[in-house]
Amino acid sequence: METLSEKILGAQAGNFSDKRVDKAFCHDGTGIQAKMIYDEMGAPGIANPETCYVIYDHISPANTSQTADLHKELREFASRSGMHFSEIGGGICHQYMAEGRILPGEVVIGADSHSCTLGAFGALATGVGASDMAGIWVSGETWLRVPESIAIYISGSLAKGVEYKDLALAYVAELGMDGATYHALEFLGDSASEIPMEGRLTLSNMVVEAGAKTGLWYADDVTREYLGRYGKSSSRQEPDDEAVYSEELWIDLQGLEPLLAVPHRVDTVKPVSELVGTSLDQVFIGTCTNGRYEDLARAASILDGKQVAVRTVVVPASRADYLRAVNSGVLATLVGAGCVIGPPGCGPCLGAHMGVLGDGEVGLSTANRNFRNRMGVGGSYYLSSPSTAAASAITGEISDPREVL
Amino acid sequence: MTLLAGTGPAVCIGADIDTDMVIAGRYLRTKDRGVWAEHAFEDLDPTLATRLRGCVLVTGKNMGCGSSREQAVMALREAGVLAVIAPSFARIFFRNCINVGLPVLECEDLACHDGEMITYDCTIGTVNVGGNSYICRSLSPRMQEILVSGGLVEYWKGRLSR
Ligand code: SF4
């Protein structure tokens with residue numbers, strides 16, 4: 001009679017639980033903050049360095065001397081302390097950790113709000129701030145409130161040109177930006193076991209846009225097969241028929257169409273068909289939501305033999321995704337179509353470099369948030385799936401991917 | 001040491017304020033906390049930062065959603081905000097407030113306007129304003145302990161030296 005969160009945390013919803021952290025990670029942005037705080041704490045050393053990761057993705061490679069100095073400081077600290085370190089170009093922290101580094105049932109804490117992504121493995125994965133990360137470095141543990149859970153039952157299968165990103169936008173719209181605050185989401189239903197790992201990662205990634213702590217999938221054959229590729233074995237987790245959910249949502253994939261979140265709220269979602277023809281200044285395909293190999297491959301299948309009509313920035317989520325795209329010819333297709341390829345990492349997502357929007361410009365991005373000014377001061381942008389982004393890149397205006405497939 | 005109870009004039013802002021709004025990404029690449037305080041809420045209302053010292057910040061629901069950046073709560077603390085009161089907080093923002101020693105209170109249906117004096121008490125979980133008293137959700141003992149220490153740094157310093 002337990003939800004997955006209750007099982008993993010070993011306590012009932014609403015209770016506080018002190019837990020040993022199985023995997024802890026931060027990036028160049030939060031890591032330097034955590035290091036400053038850690039220094040102030042005056043600890044003799046990192047409690048479990050073998051479980052800690054520092055991953056350079058946010059502003060990498062460094063854009064200014066100031067960033068480079070901060071990078072240098074954290075890089076030296078990471079190497080001294082014995083923590084794992086992923087250099088620039090290794091990938092976005094969530095994707096890097098998703099590549100065989102997380103197992104079902106683990107407690108995973110990341111100093112980044114999209115750490116919920118890793119709930120795709122049946123791990124209690126959630127984001128914290130820099131102080132919490134420093135506290136974990138010092139002690140190897142943290143406190144967590146066991147969340148209540150919301151079930152999302154998924155049935156049916158996707159129509160052509162529709163993606164799991166559209167499902168993510170649909171549930172965020174349904175729940176609202178704070179509809180799941182303090183809650184965990186659990187993805188269940190007849191179709192859940194058929195959703196591939198890349199789709200699960202996209203769906204878990206966006207739960208925080210509804211305020212949720214994590215987005216959980218019960219580990220199954222998909223999980224086992226995926227982790228097997230990294231030489232990891234994993235056991236199944238079974239949902240409990242009598243688990244208590246505070247809310248239940250049913251979504252039929254059959255009825256889903258390509259969607260967009262319109263500026264400047266993630267939960268203001270409209271069908272692409274309603275906005276067709278909206279003129280764009282830039283398209284961006286990438287991020288921890290939709291920068292995986294499969295995302296790039298879907299975009300490439302639409303852009304194959306075509307030319308983009310607006311500047312189009314593509315940033316692979318990780319080195320592994322980049323390499324697959326190189327070896328399979330996906331990258332050649334994208335470059336041939338006129339896309340600009342950035343090094344693996346967050347790219348312009350957080351508005352720091354490599355493709356931010358200018359004042360008054362309109363962009364379309366495959367990211368997870370479209371807050372005012374986030375990806376460039378005075379710019380506004382829509383959020384969509386890679387298929388919608390690719391179809392729109394060809395025309396330079398919002399376009400329906402079903403028309404070109 | 002953080003004061004768990006206090007009084008100050010209210011500064012009222014809206015709902016669903018994201019942390020990009022509290023401190024814009026363009027100010028993150030620095031270790032100078034004063035910079036964050038100076039530019040707090042710049043994209044929301046550039047005059048707001050000057051009114052924060054000694055105030056009690058009252059916001060709408062889902063305060064601090066979005067990015068996990070701790071610079072947002074540090075900006076508020078550095079700017080001299082005494083406490084933040086909202087009907088609900090984004091959970092990382094809430095955690096971050098506790099961790100930097102900035103009192104937070106979750107309070108439904110608070111009626112108050114800009115400049116009104118608010119008295120809050122985190123130990124018993126109450127807010128008083130305009131002659132009315134409101135009950136807030138209580139904090140766990142561990143949270144109170146961290147808050148009383150003045151944040152996670154002081155909390156761990158204390159525990160490590162014991
Ligand atoms: S890609 Fe964007 S949302 Fe994802 S971790 Fe990087 S900055 Fe955050």
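This is a predicted model: local features need pLDDT of at least 70, side-chain atom pairs count only at pLDDT 80 or more; totals for chains, interfaces and linings use all residues.
User: Why is A:Ile154 called buried?

Analyst: Buried means under 20% relative accessible area, with a 1.4 Å probe and protein chains only. A:Ile154 has 0%, so it is buried. The residue lies in strand S8 (residues 149-155) of chain A. A strand here is a DSSP run of E, at least two residues; a helix is a run of H or I, at least four; both are numbered from the N terminus.

User: What does A:Ile154 touch?

Analyst: Contact means heavy atoms within 4.5 Å. Residues up to four places away in sequence are not counted. Among the partners are A:Leu167, A:Phe187, A:Trp217, A:Ile251 and A:Leu253.

User: How do you know that the buried residues of H5(B) are on the same side?

Analyst: In helix H5 (residues 141-149) of chain B, the buried residues are B:Arg142, B:Met143, B:Ile146 and B:Leu147. They cover an arc of only 135 degrees around the axis, so they sit on the same side of H5(B). The arc is that of the directions from the helix axis to the C-beta atoms. An α-helix has 3.6 residues a turn, so residues three or four places apart point the same way.

User: Which elements do the buried residues of H5(B) pack against?

Analyst: In chain A, strand S1 (16-20) and strand S7 (141-145). In chain B, helix H4 (91-99) and helix H6 (152-161). H5(B) is followed by B:Gly150, whose phi is positive, near 100 degrees.

User: What makes a space a cavity, and how many are there of 30 Å³ or more?

Analyst: On a 1 Å grid over the protein atoms alone, a cavity is a set of points where a 1.4 Å probe fits but cannot get out; lining residues have an atom within 4 Å of a point. Five cavities reach 30 Å³ or more.

User: How does the lining of the largest cavity divide by residue type?

Analyst: Nine nonpolar, 13 polar and seven charged. Ala, Val, Leu, Ile, Met, Phe, Trp, Tyr, Cys and Pro count as nonpolar, Asp, Glu, Lys and Arg as charged, and the others, Gly among them, as polar.

User: Why is the second largest cavity said to lie between domains?

Analyst: Domain 1 (15-145) and domain 2 (148-255) of chain A both give residues to its lining, so the cavity lies between them. The bounds come from an automatic or database domain assignment. The second largest cavity has a volume of about 130 Å³. Of its 17 lining residues, the closest to its centre are A:Val208, B:Gly66, B:Ala90, B:Arg91 and B:Ile92. H4(B) gives the largest share of this lining, three residues.

User: How far apart are the C-alpha centres of domain 1 and domain 3 of chain A?

Analyst: They lie 27 Å apart. The contact takes 16 residues from domain 1 and 19 residues from domain 3.

Definitions and conventions. Residues are numbered from 1 along each chain as its sequence is written. Chains are lettered from A and ligands numbered from 1 in the order in which they are written. Side-chain values use heavy atoms; hydrogens and water are left out. Buried means under 20% relative accessible area, exposed over 50%, partly exposed in between (1.4 Å probe, protein chains only). On a 1 Å grid over the protein atoms alone, a cavity is a set of points where a 1.4 Å probe fits but cannot get out, and a pocket is an open set with protein on both sides within 12 Å along at least five of seven lines; lining residues have an atom within 4 Å of a point. Grid points are joined across faces, edges and corners, and a volume is the space filled by probe spheres set on the points.
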